[in-house]
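Trainee: I have a model open on my screen. Can you show me how to read it?

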Amino acid sequence: MTAIADAAYLVLSSRLVPGLDGGYTVATLARARSIQDAGATAPLLLTLDPAAPSAHAEHRRVFADRGEIASVDRMRNLFDDALADPLWLRAAAVSGEPAIGVEYREIAGENTGPVLSIPVIAGDPDWHLTDAAVVVHGYGVIPGGFGALYLTWLQHVVAGLRAEDPERIVVVVCESRQLGELIAGWSDPHVRIIHTVHNSHLEPPYEDPNGAINGLWTRWFDVINRFDAVLWPTAAQRADVEARFGARDTFAVVPNPVEQMHSHGAGAHVEQRVGANAHRGTTANAEHGAGADAENGTIAHAEHGASAHVEHGVGRTANGVDAENGTNAPAEHGAGAHVEHGVGRTATAHAEGGAGAHVEHGVGRTATAHAEHDAGAHVEHGVGANAHRGRTANMGHRAGADAENGTNAPAERGAGASDADLLQPRAGDIDPRSAATDLHRGATDPHRVVMLGRIAAQKRVDLAVHAWARVIVEVPDAHLDIYGDGPLREQIGELIDELGVAASITLHGHVDDRDAAFSRAALMLVSTAYEGQGLSIAEALVRGLPVVSFDVRYGPRETIGDAGVLVPPGDVAALADAVIALLSDDERRRTLAVRAIEEGRRLAPEAVTRALVPVLERVLATPSRRAP
């Protein structure tokens, strides 16, 4: 096994709740999938919020149903663990008393009394730094506050992962700066800490790279050398930090991945295709009425009545069957398709008759499948495979398609052709012009604009509403759909009424179905004050939507590229003019739609995994930066 596969992985987050925290939750779950795609066992997602165990169980169920986590047992919560089996907590308790003058919250099970009590530090953004003891009922206290409690639990979790190997390396991917500064002193020599960044480190006005930084960021920069790697979402933010604080060999740029959409013309759109049934991790490929079914992460592919090939499992070995002209090909090398899959191992598939291409790779993803003439494509499924978590390939008549990592390649490449270069999306896989045309067939309203994100101060939705009042003067039938929720939703509603634009703006609230949010729009509008990367921008690009945005730090410029229009930060008139210009120019919008898909491909899951793999390899090969 590789070093990546040998290690254990924990993704540490303050909380993970469906529908909350916007792009943070989406990006954190995607990171866990990227680690798995790199060849690791599915990471454990660890959370620290004291919600009820029943609430956490529902969160896990929702994420698993959506295909956003590998399974419900890959998420754990500190307080759930404490209530289910408090032995680890009690073993860490010492004699002591609760802090004087501090309010406490009891944590109790549904059928038990309180197991522990945690301090409540209301109204203080640095609540996590309190040294008020945690009370373990009947056993004493854990001195040192939340930091000591969190580290006690993490050590308990790590001990379980090392049941058979006490020196097994455990990689902790910390998604929260509050948590990062609390565990920065963890001296276990076999623990590696990778810290991620989700947002800008700058304070208002957010545009001066040498401007003010708040206390949390300041403390985080003070301990940054203790992390074994730091993942920046954009090169621009990394460059600004290095210019100000100095370069580090632990820094890397690993953006957040975005699932790709594929076009019918390229032979691989996820929905509304013959015989296709795809839903976030379940895939069915069929052609000309041949039955195909996919359940529980498996893939069935049938062609012209040929028997179905079913492949499933993560890290398992399986033999593939190639259905050619209604017959079965034996699962042997050189006869039909043969696929062996193992996490982190190279897997290959060979086509019947030698007509298909041969692809192999070693980034922990399953191999492609190939077929010739009317035999249909055989799609292999596993960690990081094309037909996983909504990445679906439906191979058309005589396509002989290669379904690798979310892309397709025609079988006409010739016998024995090899595609091992995973560094960039292959230009021949999908024609962005065809994809843009296909994806925009559903965009029935060329004057409809979409916004998607939290309605909070950072997003400055008020500026977009002011800009919209200018837009409808020039484009009276234009309509703005705003998806998202947040603390300022009521104020935005009042502003819409005040400006008299209620007939042309709809506040939809939170939406889980991103496709529904983007499906009718001609372009996306972004009025944010700052970003880390801008996940919703990337989601729009992969769907072929041009983006009009303020040119703020960080994200829009790097993510959008030349697939939209950037205007000076806060310039409402320029924002409105850019929207008016695009809504009035169908040809330019079509051109930008092609570019949008091209830009979006840079953030495909397989491309992001390729950026992550060398970081993991370096971290595993280097001693801990916190070892005594």
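Predicted model: local features only at pLDDT ≥ 70, side-chain atom pairs only at ≥ 80, totals over all residues.

Trainee: How many helices and strands does the protein have?

Mentor: There are 18 helices and 22 strands. The protein has 628 residues, and 56% of them are buried. It exposes about 24300 Å², with 50% of that supplied by carbon and sulfur atoms.

Trainee: What share of the contacts join residues at least 24 apart?

Mentor: Take contacts between residues at least 6 apart in sequence. Of these, 62% join residues at least 24 apart.

Trainee: Now the sheet. In what order do the strands of the open sheet come?

Mentor: The order is β3-β2-β1-β8-β9-β10-β11, which makes 7 strands with parallel pairing. Next, find the edges. They are β3 (75–77) and β11 (251–253), and each pairs on one side only. From one strand to the next, the twist averages 25 degrees.

Trainee: Which strands does β1 pair with?

Mentor: Take its two sides in turn. With β8, β1 pairs in the parallel sense over 5 bridges. One example is Tyr9, whose bridge partner in β8 is Val171.

Trainee: How do I read the side chains along a strand?

Mentor: Start with the general idea. Side chains in a regular strand alternate between the two faces of the sheet. Now look at β1. Ala8, Leu10 and Leu12 point one way, while Tyr9, Val11 and Ser13 point the other way.

Trainee: Are those β1 residues buried or exposed?

Mentor: All are buried. Since 6 of the 6 residues of β1 are buried, the strand is largely enclosed by the rest of the structure.

Trainee: What unit do β1 and β2 make with helix α2?

Mentor: With α2 (residues 22–37), they make a right-handed β-α-β unit. Look at the loop between α2 and β2, where Gly39 sits. Gly39 counts as buried because its relative accessibility is 1%, and the cut-off is under 20%. Its C-alpha is 6.3 Å from that of Ile4, a residue 35 places away in sequence.

Trainee: Which helix lies across β1, β8, β9, β10 and β11?

Mentor: That is α18 (residues 605–621), which runs at about 165 degrees to β10. Val615 counts as buried because its relative accessibility is 3%.

Trainee: What is Val615 in contact with, leaving aside its neighbours within four places in sequence?

Mentor: It is in contact with Ala229, Leu231, Ala252 and Val254. The C-alpha atoms of Val615 and Ile194 are separated by 9.2 Å, although the two residues are 421 apart along the chain.

Trainee: How do I tell which side of a helix is buried?

Mentor: General idea again. An α-helix has 3.6 residues a turn, so residues three or four places apart point the same way. Now take α12 (residues 489–498), where the buried residues are Ile492, Gly493, Leu495 and Ile496. They lie on the same side of α12 because they cover an arc of only 160 degrees around the axis.

Trainee: Which exposed residues sit on the face turned away?

Mentor: That face of α12 carries Glu490, Asp497 and Glu498. The buried residues of α12 pack against α11 (461–474) and β19 (505–509). Just after α12 comes Gly500, with a positive phi of about 70 degrees.

Trainee: How many residues of helix α14 are buried?

Mentor: In α14 (residues 535–542), 8 of the 8 residues are buried, so this helix is largely enclosed by the rest of the structure. The buried residues include Glu539 as well as Leu535, Ile537 and Val542. After α14 comes Gly544, whose phi is positive, near 80 degrees.

Note on methods. Residues numbered from 1 in each chain as written. Heavy atoms only, no water. Pairing = 2+ DSSP bridges. Helix = DSSP H or I, 4+ residues; strand = E, 2+ residues; numbered from the N terminus. Axes fitted to C-alpha atoms, helices over the stretch in contact; angles between N-to-C directions. Contact = heavy atoms within 4.5 Å. Buried < 20%, exposed > 50% of the residue type's maximum accessible area, 1.4 Å probe, protein only. Areas by Shrake-Rupley, 256 points an atom, 1.4 Å probe, with all protein chains shown as cover. Right-handed = clockwise from strand over helix to strand, strands pointing away. Arc of directions from axis to C-beta.
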